[in-house]
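Please examine the structure shown below before reading on. The paragraphs that follow lead through it step by step.

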Amino acid sequence: INAAATTPRGPAREVTTEGMERVMATNLLGPLHLANRLLKAFSENAVVINLVEEEPDNMDVDIDNINSAETYDAAHVYQQSKYYLMCSVRVTQ
């Protein structure tokens, strides 16, 4: 069960040491990477559960700006990261 998440600490874009936007790296890339790395240890019937808030009505998907390098909106990045996580799980089911 993945319930890990972080939110922006202020209006400025923060990056990890790898150069990824901090919130997206923690909320989306972290759970996907961890689940992928653990696949060999999972049984055939294993289930990964990602806790995601209710889906927003009108979420803009900007996959070309997933790292928020072009534009950054601190109020929106958390919601986007969780929405993208939810979408990625749907695709892989």
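Thr26 is partly exposed, because its relative accessible area is 31%; buried means under 20% relative accessible area, exposed over 50%, and partly exposed in between, with a 1.4 Å probe and protein chains only. The model is a predicted one, in which local features need pLDDT of at least 70 and side-chain atom pairs count only at pLDDT 80 or more, while totals for chains, interfaces and linings use all residues. Residues are numbered from 1 along each chain as its sequence is written, and side-chain values use heavy atoms, with hydrogens and water left out.

Thr26 belongs to helix H1; helices are DSSP runs of H or I with at least four residues, numbered from the N terminus. Between the C-alpha atoms of Thr26 and Ala5 there are 6.3 Å, although these residues stand 21 residues apart along the chain.

The loop between helix H1 (22-38) and helix H2 (74-92) contains Asp62. Ser68 also has its place in the loop between H1 and H2, and Ala69 is found in the loop between H1 and H2 as well. Ser68 counts as buried because its relative accessibility is 5%, whereas Ala69, with a relative accessible area of 59%, is exposed. The phi angle of Ser68 is near 55°, a positive value in a residue other than glycine. The C-alpha atom of Ala69 is separated by 7.9 Å from that of Glu21, 48 residues away along the chain.

Which residues form a negative surface patch? They are Asp60, Asp62, Asp64 and Glu70. Patches are made of residues with over 30% relative accessible area and no salt bridge, like charges being joined within 9 Å and nonpolar side chains (Val, Leu, Ile, Met, Phe, Trp, Tyr) within 5 Å. A salt bridge is a side-chain nitrogen of Lys or Arg within 4 Å of a carboxyl oxygen of Asp or Glu. Asp62 is partly exposed, with a relative accessible area of 31%.

A nonpolar patch on the surface consists of Leu34, Leu38, Leu39, Phe42 and Val48, which together have about 420 Å² of accessible area. Phe42 lies in the loop between H1 and H2 and is partly exposed, with a relative accessible area of 31%.

Finally, the structure holds one aromatic pair. The ring centres of Tyr83 and Tyr84 are 6.4 Å apart and the ring planes stand at 50°, so the pair is tilted; rings of Phe, Tyr and Trp (its six-membered ring) pair if their centres lie within 6.5 Å, and planes under 30 degrees apart count as stacked, over 60 as edge-to-face and the rest as tilted. Both Tyr83 and Tyr84 are buried.

Technical notes: Areas by Shrake-Rupley, 256 points an atom, 1.4 Å probe, with all protein chains shown as cover. Lys, Arg positive; Asp, Glu negative; His and termini not counted. Charge placed at Lys NZ, Arg CZ, Asp CG, Glu CD. Helix = DSSP H or I, 4+ residues; strand = E, 2+ residues; numbered from the N terminus.
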